[in-house]
Amino acid sequence: MMKADLRKVVLIGTGMVGMSYAYALVNQAVCNELVLIDLDQKRAQGEAMDLNHGLAFAPANMKIYAGDYSDCKDADLAVISAGVAQKPGESRLDLLSRNAAVFRTIMEPLRQSGFGGIIVVATNPVDIMTHIAHKLSGFDSTRVLGTGTALDTARLRYLLGEYFSVDPRNMHAYVMGEHGDSEFVPWSQAMLATKAVLDICGSSDGRFCLEDLEDISRQVRQAAQKIIQAKQATYYGIGMALVRITRAVFGDENSVLTVSAMLRGEYGQSDVYVGVPCVVGREGIRRVLTLYLTEEELQQFGLSCHTLKETYRGLRL
């Protein structure tokens, strides 16, 4: 008898990001089994109950329950959204040190459980936290990835779709680098279908221009802050980005997604986790795609990588 392909996800951290992901998983019927793990077990139980009560309205049945690290043994995916919030006046490095301590309490029992799947990190600052997860887990870097600039890229395509009055899915453009202040858009690689966006600007008699594109790039960079000012946190977008990554893994899609991946010589960079277009499938990161960046874009990317490397070094793990 053929063994059913049971797609099992363990979610570690049941805050707003984690539960936005869980809610989207249920609504899109992406997995068969979902385990919720949290330091606050009572909360995890309450969230599991709440989701279970909506299963009658979901497109497919799912097994959802609050569990512990022993449930990770046969899981395909461990999605980590656990972490501590920044205290007023706290430096980024202090926050990182506290989150690194949180990840230590996660990675040890995750490894000991016999987990042999893929780790996806959503905790911010995501590139550094993914690097920490890789170091503490001892897993091959292809099996440890972060959400990177996947959400930033979705925001970019949405805004470009509005600007050019086309479906965002027909905009092919990427946000690269750190998920943060040093991220950038390589405009030389941006396309509407197969037509270069810079060519469209050049032949539009001023209707479309690079200044507007740079403004869109700024809007993408500042989007999270605007949302935080309005509603204290961002979670729906990143929850859906996590589901997109999950679908790519379970469907063995080999989809190109801008996730946080370890570079090993690509773009002249090594030993840094950073947002780059990657081919994502059942084994995690199949390969990092190397785009043909201009000299200026390569410089911007190098600066972003330098920022991340310096911050990671400052941690002294």
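## Helix packing, cores and local backbone features

In helix 3, Leu 96, Asn 99, Ala 100, Phe 103, Arg 104, Met 107 and Arg 111 meet Ile 128, Met 129, Ile 132, Ala 133, Leu 136 and Ser 137 of helix 4. Contact means heavy atoms within 4.5 Å. By class, this contact of helix 3 with helix 4 divides into 9 nonpolar, 2 polar and 2 charged residues. Ala, Val, Leu, Ile, Met, Phe, Trp, Tyr, Cys and Pro count as nonpolar, Asp, Glu, Lys and Arg as charged, and the others, Gly among them, as polar.

The model is predicted: local features need pLDDT of at least 70, side-chain atom pairs count only at pLDDT 80 or more, and totals for chains, interfaces and linings use all residues. Residues are numbered from 1 along each chain as its sequence is written, and side-chain values use heavy atoms, with hydrogens and water left out. Helices (H or I, at least four residues) and strands (E, at least two) are DSSP runs numbered from the N terminus.

| Pair | Axes come within | Crossing angle |
|---|---|---|
| Helix 3 and helix 4 | 9 Å | roughly 40 degrees |
| Helix 3 (92–112) and helix 9 (295–315) | 10 Å | roughly 60 degrees |

Helix 3 is therefore oblique to helix 9, and helix 3 and helix 4 are likewise oblique to each other. Angles under 35 degrees count as roughly parallel, over 145 as roughly antiparallel, 65 to 115 as roughly perpendicular and the rest as oblique. Axes are lines fitted to C-alpha atoms, for helices over the stretch in contact, with angles from 0 to 180 degrees between N-to-C directions.

Helix 3 passes helix 9 in a right-handed crossing. On the helix 3 side, this contact is made by Arg 92, Leu 93, Leu 96 and Ser 97, and on the helix 9 side by Thr 311, Gly 314 and Leu 315. It comprises 3 nonpolar, 3 polar and 1 charged residues.

### Nonpolar cores

The largest nonpolar core has 83 residues, and Leu 34, Phe 103 and Val 276 have the most contacts inside it. Helix 3 gives the most to this core, with 7 residues. Another core, of 19 residues, lies apart from it and includes Met 171, Ala 190, Ile 200 and Val 220. A nonpolar core is a set of buried Ala, Val, Leu, Ile, Met, Phe, Trp, Tyr and Cys residues joined through side-chain atoms within 4.5 Å. Buried means under 20% relative accessible area, exposed over 50% and partly exposed in between (1.4 Å probe, protein chains only).

Not counting residues up to four places away in sequence, Val 276 touches Met 176, Leu 257, Thr 258, Val 259, Ala 261, Leu 263, Tyr 267, Val 288 and Phe 301.

Pro 125 sits in the loop between strand 5 (118–121) and helix 4 (126–137). The peptide bond from Asn 124 to Pro 125 is cis, with omega near -10 degrees.

Ser 165, a residue other than glycine, has a positive phi near 55 degrees. Ser 165 lies in the loop between helix 5 (150–164) and strand 7 (171–172), and it counts as exposed at 60% relative accessibility. Asp 252 also has a positive phi, near 45 degrees. Asp 252 is placed between helix 8 (236–250) and strand 10 (255–264), in a loop, and counts as partly exposed at 35% relative accessibility.

Leu 6 precedes strand 1 (8–12) and is partly exposed, at 49% relative accessibility. Leu 6 and Ala 75 are 69 residues apart in sequence, with their C-alpha atoms 9.1 Å apart. Leaving aside neighbours within four places in sequence, Leu 6 is in contact with Asn 32 and Asp 76.

Technical notes
Left-handed = near helix turned anticlockwise from the far one by under 90°.
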